[in-house]
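Hi,

Here is the structure I promised to pass on. Have a look at it first, and my notes follow below.

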Protein chains: 2
Amino acid sequence: MRHETVKVVIWGFGAMGSGMAKMIHNKIGFQIVGICDRNPEIVGKSMYELLKISKPKKDIIIQPNIENVVKKGECEIVILATDSFTKKAYPKIEWLIRQGVNVISTAEEMAYPKANEPDLALKMDVLAKEYGVTVLGTGVNPGMMMDLLVVALTGVMESVDKIEVSRINSLSPFGKTVMEEQGVGMNVSEFKHKMELGTLAGHVGFKESVGMISDALGWNVTDFKQTMMPIITDIDRQSAYGFAAKGDVAGVDMNATAWVDNQPVLNLHHPQQIEPELAGVLTGDYIDIEGNPPIHMSIKPEVNGGVGTIAICVNMIPHVINAKPGLKTMIDLPVPRAILGDVRQMIEEE
Amino acid sequence: MRHETVKVVIWGFGAMGSGMAKMIHNKIGFQIVGICDRNPEIVGKSMYELLKISKPKKDIIIQPNIENVVKKGECEIVILATDSFTKKAYPKIEWLIRQGVNVISTAEEMAYPKANEPDLALKMDVLAKEYGVTVLGTGVNPGMMMDLLVVALTGVMESVDKIEVSRINSLSPFGKTVMEEQGVGMNVSEFKHKMELGTLAGHVGFKESVGMISDALGWNVTDFKQTMMPIITDIDRQSAYGFAAKGDVAGVDMNATAWVDNQPVLNLHHPQQIEPELAGVLTGDYIDIEGNPPIHMSIKPEVNGGVGTIAICVNMIPHVINAKPGLKTMIDLPVPRAILGDVRQMIEEE
């Protein structure tokens, strides 16, 4: 086992980044060497105080500029938890590659960047190889529940005819921002107006999941469509941060279909709403694959999106350090796994 | 994409080996270059005739001696489908390594050979590296349903407290040999007598699954126990090849527990019987993991053991060819996946 700790910087100290810092703090063999975030409410504050954990002698102060945090040789990997889109994350990733550090990005599009940004994906791959580092995008979805897990289950199949994936989750645990992004509480015409303007986020990641699954299996996708619909409630629904009156929007129902050789063989369903139980909806992750043998998988309730994303980003750190240089995706690396012992035992010697 | 086909030899042409030959025959980019089996009933016969598929100009005849089948440079990988135990498979694997070919073994113990045969595992690893080839053991169980899939699901978890895995399957589709190995139709005293003599096979693989899971997660196993019990039926049960009268044995119930730091945190349940529905037993694969977040997965009915093993062995061929030399296990390689396109597109260029 190597002696040196795995030195990590976290860039973006929101719900995800701070959750990762806490998780890493509780593991053996890691060392957080810096935190970067521009939010004036936390700049200059102690990471330990913000996480409400006891402070050691050497404090870690939230820095607003990444140049003061990532220094060559003092950090092995950066978790970038700032964006959803590859285009926005790209300049940060490029800068990090040039510092010679490995990168894990939480940006949904980075889970399979080739799908929406093939040119940037190629640039990142070439640059990462030049600098001898590895770049990975991951998360619970895209990254695992609607793509990598599907791929893994086909591993015991001779043939695959059709794939249906559903992730039915509750938005009740989430805060104000998510309520707005998903249209919770809007009336139907307001929802449709914002949808047409393109200002409703909904789920980002269908094209990435389709790209990952089809490339892994060798499917040639000939067409792809996705839709966004309001989930209109027929009863009042109240959650901690959201309220949808009867007749208004309780969430957003997103669906996608990919055609292979003109057959609609891959269907993704992802309805998200507050208090789904009130409408008789049971949350869960469901994968149904027609073929030989057929597979009908369910995980009830769904894997929690917040903790799940925090966990998979941290858990992939050893795999990213062990990987050959370049841009990697989840289908290139060994299966993810929890880190229950000393992370240094998971790092291969050079 | 490379031009050359992936040249495969199958050693052992029983239910598994012949199923793999048929699967490979139906895929693009593969070429079966030889079949070896000692069974006098099939030696000298045409593979195509035995598989009931139309014969091309160049026939493939079942050969009794592997020396006549595997020739240096004419074969890239051998699937060895002859044994359950590493000790019995080892001389064959050693010979294959020395021919410079990659090996996939269906032997249950080979799914994690370190668990029962650490010395042989080390020898295979050293030898495979010396000859520049890769050796992998896999199958549906051990290899996937009770181990690799468990590992993969923990990838979205921050912490893991306890793991329960159940594979409840029907023996009804299987033939005479399996009925005898699992004690179907015996009276209880006969079953117990054979169990004490050690002549009842039951499930081989618990120690391998425990080894794979605990090494992947970094758990230090301090104790391991497994038990075998008859499943006594309270009604007559009739399947295609088996019959258990009321009061006799309908199958075998195997259970294992692994202790980590003296806590029984990993429990494996694997009851196998004919006509489980008659006793109100629903077949399936179940994984329940306590921790953060908790995960409750079910696959109903269970992934078919026969087709599943055939598929995963064939599906791992590109991963084995792409891997660095040495003895590998499923936790070292990228996630398994079905091969739906041309397998040559899955082979990395040197």
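**A sheet across two chains**

In this predicted model, strand 12 (residues 284-292) of chain A runs antiparallel to strand 13 of chain A, and 5 bridges join them. Within that pairing, A:I287 sits opposite A:M297 of strand 13.

Strand 13 (residues 295-299) of chain A also pairs with strand 14 of chain B, again in the antiparallel sense, over 3 bridges. There A:S298 faces B:S298.

Put together, you get an open sheet of 12 strands with mixed pairing, in the order 7(A)-10(A)-11(A)-6(A)-12(A)-13(A)-14(B)-13(B)-7(B)-12(B)-11(B)-8(B). Strand 7 (221-232) of chain A and strand 8 (221-232) of chain B are at the edges with a single partner strand each, so one side of each has no neighbour in the sheet. On average, neighbouring strands are turned by 10° against each other, direction ignored.

Now the chain contact as a whole. Chain B and chain A bury about 3900 Å² between them, with 64% of that on carbon and sulfur atoms. B:V156, B:E158 and B:L340 supply 17% of the area chain B buries against chain A, more than any other three residues. Each chain puts 51 residues into the contact.

As for polar links, I get 17 residue pairs in polar contact between the chains (both at pLDDT 80 or more), but 0 salt bridges. On the chain B side, the elements that each give at least two residues include helix 1 (15-25), strand 7 (159-170) and helix 9 (305-315). By class, that side has 32 nonpolar, 12 polar and 7 charged residues.

Cheers

Note on methods. Residues numbered from 1 in each chain as written. Chains lettered and ligands numbered in written order. Predicted model: local features only at pLDDT ≥ 70, side-chain atom pairs only at ≥ 80, totals over all residues. Heavy atoms only, no water. Contact = heavy atoms within 4.5 Å. Buried area = accessible area lost by both parts, 1.4 Å probe. Salt bridge = Lys/Arg side-chain N within 4 Å of Asp/Glu carboxyl O. Polar contact = N/O pair within 3.5 Å; in protein donor to acceptor, adjacent residues only side chain to side chain. Helix = DSSP H or I, 4+ residues; strand = E, 2+ residues; numbered from the N terminus. Nonpolar A, V, L, I, M, F, W, Y, C, P; charged D, E, K, R; others polar. Pairing = 2+ DSSP bridges. Axes fitted to C-alpha atoms, helices over the stretch in contact; angles between N-to-C directions.
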